Amino acid sequence: MPYSSKPVCPYPGLSGFDRSDAALFHGRDHVVTDLLVRLAEQLDGGEPVVVVGASGSGKSSVLRAGLLPALAGGDGPDLADWPQIVLTPGPDPVRGLATAMAAHSALDADEWARVIRQTPAKFGETCARSVGETATRPVILVDQFEELFTYGAPEADRIAYATALTSASPAIVVLAVRADLVDRCIELAPLRPALQAPVVLGPMDATELRQAIVVPARDAGLEVETGLPERLIADLGVRGEIGYDPGALPRLAHALRETWNHREGNMLTLAAYRRAGGIDGAVARTADEIHDRLDPLGRNLLRTTLLRMVTVFDDGTAVRRRVDPRELPAPIILDQLISARLVTVDGTGARLSHEALLSAWPRLRGWIDEDRAGLIQHRRFTDAVRVWLESGQHADDLYRGVRLASLTAWLDSARDRVRLQPAEQEFLARSTAAEQAGQLAQRRRTRRLRTLVAALSVLLLVAAGAIVVATNLQQDAKNQRDRAEASGFLNLSRQLAAESSLARGVDPRRSVLNALGAWQAGQTVESRSALLANAVDGYRGRMTDRHDGVISSVAVSGDGKVLASGGNDGSLRLWDVPTRKLITVLDDGDGWYRTVSISQDGKLLATANPDKKTVALWDVEKREKIRDLPGTGIDTVLSRDGTEVVSFTERGLVVWNTETFAERAVVPVTSPSIFMAMSPDKNLLALTDGNNVQVRRIADGATVANLVGHTAAVQSIAFDPAGPTLATASTDGTVRLWDTGTWTTRATLESPEGSLTSVGFSATGNAIVASGNGTSVYSWDPTSLVLVARLATRSVTTFGITVTADGHTMIGGDSAGEITVWQLGQTVMGDRHGSAIAVAFHPDDKLMATVDGAGFLEVWDTTTGDLVKRVKAHEGAAYDVDFAPDGEELATSGEDGAVVVWRVSDVAERRRFSRPGTVMASMRYSPDGKQLAIAGRAPATATGQDVDRDEILLLRAGDLSLSPLRRPTRGEPRNDDPKSPVGNHPPASRSARTAGRSPCRCPRARSACGTWWTPARS
């Protein structure tokens, strides 16, 4: 428009754009378009649109001058008729929303307030009935939504307010929230879905800023001097791709307005911009001009006026607040602030035009800092007055005590700058009156209490005696009750311990729970024994999830971390063994995963689903199927290294390369087979043939052996990965071990309970495991063929069994769909080949040494339970073992009269001392490790009184040379005293051959061995 004598400024300054300024609003077209798209989505019942931006980023301007005019002038049906309801929460958000809705509906504000507070979820229903025609939708714009928190609204009102707005459909709801208070909005559960996808209002780019600067001036008939837009954009802080502080927009708007005030004709110039103070100084310059024009009294009133419109939170954050203009002390000063666009007054009150004024005017910032504690005190005071008024001026809401004293002290110190409103003065007067009345009542109560105390003192003396007697009687009753309760807990503890013992061989989980319950009920010997027994049993728990049917097969990776399981519920699952948690479900469809086979590196998994007649290969790391193998497969096995997979198809046994999927071989099969296994060298395949087992060579398909011996169907086959052994398990209740060199039966292991369904080896071949019908799974030592572990499973059939590579964890899947984890060889060590006589720990506790009745020395790793080395140490029984204090050597002694020193690092013999005719029964290193003390005795076969081998020997540890300190013990005087309890006197009934000796107490003898010996004593 042409320049006139009464021009209109095209820039709003700090007050921002309103609907009437739509023609002057530019630079945010794409944001308005995004909002219109989001509102279109909300028409179908979506969540409210939340606009999030920093203070000063232009949220209010975008919504009021951009979105609302776009809706009013849109192309949609009757958009211009849709009521536009614009509000801010204010001090009373529920009343504010009710009043705004009442202005556009048939319901009054009280009815709306009742709906919002009592049934906020029906807010939209009420909107549909009472606002506009059927085809119209109210547009509810809640600007400055953060006021819901900054004005201290009650929690119940905040939740009701948020619930009503999120339930407003068919009304359209738009919320504008300051970014630094989004976390407070997240506390409101009804708002969380809407906050998942907010419209974020960021900084404007250089092009948008140029539009916002130049286009309004051009539309107003003004010219902009070349270089002014660039200077404004540069002062704003835009450098290439680096944006500016979004809160700087209000300062830019005010600087433009002041530049317009200082324009030269119809030209906005750089000189005018500099005179206005620039972006950073325009706001402060305008405010300082008002301040400098006032006298000292006026300046004090200016300070009071501005601080009245500021509130400070407990954390020190300052924000603007809306006040009634009548509360302000100087209307003339208020008018000057309004004229300068520093303060805005509307129907809801007066407030600072923008929070940018709090930071852009250093003087105001200084006033706030000087009286920050007073502003906090004043905010708390005004909040208390508001609550008092809303509650009907209830006396319980008045200040008393410390709060009243603190308020009075602050008012005395700030009397020159604080002016209380009538309601605040009344509140203070009533609080003071109530405090004085309370003090007067307190003094009266004090006088009455003193009189009562004198009377009660007399009664107290009388009652004291009665109390002592009653207390003693009560304590006696309590002690009896406590003893009865303790006895009950102890009985419960023993009962649960007994139930744990009964359940150990049937249900390990119930046994563990009963043992824990017993310990918690009472720390008795029985409960401690139950806990220790369960710790030794090896049960370590079950997987946290389960199959819906029978688990047919399980397989574990070489590192023992990943387990695969398949069952007749059509489910194929991967498990994390250390945590016993489900990793993923690879398949959960129809069919039956009867066989799973995993490579040692845990990367490939082969599965057979005979119901679907498919054999598939899976990538364990990617948790996806690689491919189905050709043909109608019913069984499979994967080589240990994962390079080859075998599929049992209608063509026979087809061997595939897992990388190229080329056929390596096809082995024809004439008889049906339900289980098969591949040798570690990938040259042989073993498959079941009823009660027998066929062994076929892969290269030419020839039959290597036909293994006959089982009397019932063979259910499982396994090759020893570390030795020449094939194991077969059958429903006849036996496991047969076959020598793969001669194909003859090496041994037959029998199940104590019945038929077996699964068999396997550990990776090192140090354990054979099997499972089947009954309540146990089994582990045998492959060398001694001794049953070393029998672990409880409940009354289920364990169809799948596997052992981790280290041989210390066994995992089984059963008919109940559960997977159980046991520990092997870590709490109970050894193969039970003979009786252990003595044990000793290494000084660092990482090694343990044992000797047995067969003369063997065994060294164990206590951290893993592994046998480090086993050597023959003595001819006959070995009686004692001990580590040197430095841990470098250990020594053993035995009945062959020898003391042997071994190097610990490789368990190799270093030195030997021999004294034939003396049984070396016990020995110990000296604390400095320089000597060995040995207790010797005569052997059981010694005859005659002249044989004297009962002695203590001292040997030098370095060379095992005999010290001259040998001490015989037979001739001690106490041995001649028949009445001595510690003597070595023979009973009268013994023969001369056993005179002076006691029955053998050697640990290797479980029953009397018929020998006699004389204990060595110093």
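The structure holds five cavities of 30 Å³ or more, a cavity being a set of points on a 1 Å grid over the protein atoms alone where a 1.4 Å probe fits but cannot get out. This is a predicted model, in which local features need pLDDT of at least 70 and side-chain atom pairs count only at pLDDT 80 or more, while totals for chains, interfaces and linings use all residues. Residues are numbered from 1 along each chain as its sequence is written, and side-chain values use heavy atoms, with hydrogens and water left out.

**Second largest cavity**

- The second largest cavity contains about 70 Å³ of space, a volume being the space filled by probe spheres set on grid points that are joined across faces, edges and corners.
- Its lining, made of residues with an atom within 4 Å of a point, includes Gln144, Glu146, Glu147, Arg178, Arg320 and Glu355.
- At least two lining residues come from each of α6 and β9 (318-320), where helices (H or I, at least four residues) and strands (E, at least two) are DSSP runs numbered from the N terminus.
- By class, this lining has seven charged, two polar and two nonpolar residues, with Asp, Glu, Lys and Arg counted as charged, Ala, Val, Leu, Ile, Met, Phe, Trp, Tyr, Cys and Pro as nonpolar, and the others, Gly among them, as polar.
- Glutamine 144, one of the lining residues, is placed in the loop between β3 and α6 and has a phi near 50°, a positive value in a residue other than glycine.
- With a relative accessible area of 8%, glutamine 144 is buried (buried means under 20% relative accessible area, exposed over 50%, partly exposed in between, with a 1.4 Å probe and protein chains only).

**Second largest pocket**

- About 1100 Å³ of space lies in the second largest pocket, a pocket being an open set with protein on both sides within 12 Å along at least five of seven lines.
- Of the 47 residues that line this pocket, Val554, Val596, Ile717, Val759 and Ile801 lie nearest its centre.
- Elements that give two or more residues to the lining include β13 (551-556), β21 (635-638), β29 (714-719) and β37 (798-803).
- The lining of the second largest pocket has 25 nonpolar, 19 polar and three charged residues.

**Rings and charges**

- There are four aromatic pairs, counted where rings of Phe, Tyr and Trp (its six-membered ring) have centres within 6.5 Å, with planes under 30 degrees apart taken as stacked, over 60 as edge-to-face and the rest as tilted.
- Phenylalanine 145 and tyrosine 161 form a tilted pair, because their ring centres are 6.1 Å apart and their planes lie at 35°.
- Phenylalanine 145 lies in the loop between β3 (139-142) and α6 (147-150) and tyrosine 161 in helix α7 (residues 155-166), so the pair ties together parts that are 16 residues apart in sequence, and both residues are buried.
- The charged end of arginine 594 sits over the ring of phenylalanine 675, 5.2 Å from its centre, and that of lysine 872 sits over the ring of phenylalanine 856, 4.9 Å from its centre (NZ of Lys or CZ of Arg within 6 Å of the ring centre and within 35 degrees of the ring normal).

**Backbone**

- Most residues other than glycine have a negative phi, and most peptide bonds are trans.
- The peptide bond from serine 169 to proline 170 is cis, with omega near 20°, and proline 170 lies in the loop between α7 and β4 (172-178).
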